[in-house]
Amino acid sequence: MTFQTPVSAGPSLELSEEHLMIQQAAREFAQKEIVPIAEAFDHSGEFPYETIKKMGQLGFMGIEVPEEYGGAGLDTLCYVLAMEEIAKADVSHSTIMSVNNSLYCNALTKFGTEAQKKKYLTEVASGAKIGAYSLTEPMSGSDAGTMKSRAVLSDDGTHYIINGTKSWVTSAPVADYIILFTMTDPSAGHKGITAFLIETDKPGFIRGKKEPKLGIRASATSEIYFENYKAPVDAILGEVGKGFKIAMAVLDAGRIGIAAQALGVAEAAYEASIHYARERHAFGQPIGSFQLIQQKIADMKTRIEASRLLIYNAALAKMRAEKTGERYTTEASMAKLFASETAAYVTDEAIQIHGGMGYSKEMPLERYYRDARITRIYEGTSEIQRIVIARNELGLR
Ligand code: CAA
């Protein structure tokens, strides 16, 4: 049996010159600069400052931010194409990129005042500084509308005093600025949540210990504590009481990025599996000649391409929404749900195809498997994505 070059591969959507250029630039950078260091950073759990800095110089830390605010001024399709390539090399790098781009920069671009954009967006979009997003608390994860942290307006009305604990904040150990969602009016439920721009070098902001994680070990995550932190009123993002809607709208964008990240790691595991199925012999034949392996390859490939189409569809929906003001919540949740479940499936089957070698730290398969696992949890679990999709379809609240 001989194996020839596949007759069809890749997306059916026609990509423009600009899209192909950013895809190629991200692919070259990721394969040259990230692939060689990914395993070492996974092992040490160190934050990859140098490569993140270079990603900033290439425009990858603020892809959709207008150039006047330090970004690359490109569209959402460019963003997902770049994200896929970075994640294919290393999910940790893509997590740092994702939070910086779609949670932090996207929130400021959409909801920030001119002065806030100048102060808090430009340096983060250009990669000189790092941004984070903080919604979750120890007792509120999926039920994001309930939170114990509080911001109380000072007697003279010039600032808020913030107290409380936030958890699972991606990039918190290194972030310069954080978008914080906290309660300004506990009696109003989710309508009492307000978003604040936090400067992490100010008194009253305290970083907790770095979380030891199963995967994405080079992406730093920690709790953060506020002890009488003073936020001036002009550090409010959007309006008082509108924080929950901002958090949700920004998560719609974030979920498309996580979907593209899941696609990238699934592709890396799939490509390794194709290579192995051709090279590895058993019972006198390459294992790719056995139908039980072929079934896995067929299902992996089909789910990967279906994920890609859902992701491109969500990216296009977001681009349309920027003109119409409509929501693209369902498209984003479907892409995240399907792509993250696909990443789990593909990385698991890839280990099965590789057998003992897949389980060994000699190969990156076990890292892909560990890293892929988070995509079903953060920025809304698979269960939450299903709730969001079904509620929107049924018109339920
Ligand atoms: N865009 C804009 N507004 C939205 C919205 C969206 N996507 N989704 C909901 N809203 C609005 C609703 O219209 C509603 O507005 P009104 O008050 O005017 O009626 C309001 O928000 C409340 O909506 P719901 O009643 O649907 O809220 P809910 O309490 O039932 O919660 C939920 C809905 C979908 C479960 C939501 O809580 C959710 O998405 N939970 C998951 C949270 C999550 O993803 N957390 C991850 C945090 S980030 C992270 O992972 C860490 C990191 O650093 C990467």
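Helices here are DSSP runs of H or I with at least four residues, strands are E runs of at least two, and both are numbered from the N terminus. You're looking at a predicted model, where local features need pLDDT of at least 70, side-chain atom pairs count only at pLDDT 80 or more, and totals for chains, interfaces and linings use all residues. Residues are numbered from 1 along each chain as its sequence is written, and side-chain values use heavy atoms, with hydrogens and water left out.

Next, zoom in on some polar contacts (pairs of N or O atoms within 3.5 Å). Pick Asp-252: a polar side-chain atom of this residue sits 2.9 Å from a ligand nitrogen. Then click Glu-379, where a polar backbone atom is 2.7 Å from a ligand oxygen.

Time for some rings. Rings of Phe, Tyr and Trp (its six-membered ring) pair if their centres lie within 6.5 Å; planes under 30 degrees apart are stacked, over 60 edge-to-face, and the rest tilted. The whole structure has eight such pairs. Select Tyr-160 and Phe-196: they're edge-to-face, 5.2 Å centre to centre, with 65 degrees between the planes. Tyr-160 belongs to strand E3 and Phe-196 to strand E5, 36 residues apart. Are these two buried or exposed? Both are buried (under 20% relative accessible area with a 1.4 Å probe, protein chains only; exposed is over 50%, partly exposed in between).

Methods
Polar contact = N/O pair within 3.5 Å; in protein donor to acceptor, adjacent residues only side chain to side chain.
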